[in-house]
Amino acid sequence: MSTANQQNLWGHPVLRHLLHIQESAKTQGASEDLQIQIQTAIDCIFAKDDYCESISSPTSDAIENLITETEKHPWQQVHEEGKIEWRVSPGMLSGALEGTFLKMLAAMSNAKRVLEVGLFTGCGALAMAEALPADGKVVTLELTGYVGDLARKLVDQSSHGKKIDIMIGPAADSIQQLAKEKQQFDMVFIDANKEGYIHYYKIIMDNDMLTPRGTILIDNALFGGQSYLPKDKLQLPKGRTYAGTVMRDFNDYVNQDNRVSQVMVPIRDGVMIIRRKEAFEGEA
């Protein structure tokens, strides 16, 4: 199963239920026709995702290489050796389709300065950097030095890598530092630990870090269905509901923030797009 399809399994409750039904159908000796219909439904989900990726503009060779290198990296071994504290996987990548989506939004907004909260190996950062002018900048935050060093190596294989600055350490500390420096950004992409989302959002909004017509993008806003489904409907493996209602709470917080307007885009695991009301509502 490809990285994109692994992510789809996490982000698509319907697919998880279909796979469970498929297993039950085989175990209980369901009719061949029923099993074919179940498989067809599963194929339709993958076909849509594959088509969306194939019909979208292709990613650069540098991003393709970054994705490949991330997928084959020995993450389990690295964790066992104590080089990274948390277990990570290639499924954490923004991926080709979402990377192109981020690049398109950066281009549409004529962004010059971008803040990314949550770097991983640099797929999203590099995609956005590719849309910026030569003097543009992506400031991206990564908790772990090991992952930051790997990302630095991968993004520097692109001529756009020079636009990317990596800050290592807890995201909240880095954002506070940028706020003290009065730095502002045309686009902010938050894709880090979900428990920190409200805190990161508050620091950015309360310290006027978003330019007047800037945009905030929130990744994993649907969070595997946890934002909109009760726990008994999720069909998630044990241990995967660790964040509980964290993303639902965040989405509700933004929805009640009178300073902004937002739209939920169901690409991959959900991206919420947020803008100040005055940058969203036109004049009659």
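A: Cys-44 has a relative accessibility of 48%, so Cys-44 counts as partly exposed. Keep in mind that this is a predicted model. A disulfide needs two sulfur atoms within 2.5 Å. Cys-123 is in no disulfide either, and its nearest cysteine sulfur, again that of Cys-52, lies 17 Å away. Cys-123 counts as buried because its relative accessibility is 2%.

Now turn to the aromatic rings. A search of the whole structure finds four aromatic pairs. One of them joins Tyr-201 and Phe-250. This pair is edge-to-face, with 5.8 Å from centre to centre and 90° between the planes. Tyr-201 sits in helix 10 and Phe-250 in helix 11, which covers residues 246-255. The two are 49 residues apart, so the pair links distant parts of the chain. Both Tyr-201 and Phe-250 are buried.

Tyr-201 also pairs with Tyr-253. Here too the arrangement is edge-to-face, at 6.0 Å centre to centre and 90° between the planes. Tyr-253 lies in helix 11, 52 residues from Tyr-201 in helix 10, and this pair links distant parts of the chain as well. How exposed is each of these two residues? Tyr-201 has 0% relative accessibility, so Tyr-201 counts as buried. Step back, and ring pairs link Tyr-197, Tyr-201, Phe-250 and Tyr-253 into a cluster.

Helix 10 has another neighbour to look at. Helix 9 (residues 171-180) packs with helix 10 (residues 197-206) at an angle of about 0°. Their axes are 10 Å apart. Angles under 35 degrees count as roughly parallel, so helix 9 and helix 10 are roughly parallel to each other. Which residues make the contact? From helix 9 come Ala-171, Ala-172, Ile-175 and Gln-176. From helix 10 come His-199, Tyr-200, Ile-203 and Ile-204. Sorted by class, this contact has six nonpolar residues and two polar ones, with no charged residues.

Technical notes:
Residues are numbered from 1 along each chain as its sequence is written. This is a predicted model: local features need pLDDT of at least 70, side-chain atom pairs count only at pLDDT 80 or more; totals for chains, interfaces and linings use all residues. Side-chain values use heavy atoms; hydrogens and water are left out. Axes are lines fitted to C-alpha atoms, for helices over the stretch in contact, and angles run from 0 to 180 degrees between N-to-C directions. Helices (H or I, at least four residues) and strands (E, at least two) are DSSP runs, numbered from the N terminus. Angles under 35 degrees count as roughly parallel, over 145 as roughly antiparallel, 65 to 115 as roughly perpendicular and the rest as oblique. Contact means heavy atoms within 4.5 Å. Ala, Val, Leu, Ile, Met, Phe, Trp, Tyr, Cys and Pro count as nonpolar, Asp, Glu, Lys and Arg as charged, and the others, Gly among them, as polar. Buried means under 20% relative accessible area, exposed over 50%, partly exposed in between (1.4 Å probe, protein chains only). Rings of Phe, Tyr and Trp (its six-membered ring) pair if their centres lie within 6.5 Å; planes under 30 degrees apart count as stacked, over 60 as edge-to-face and the rest as tilted.
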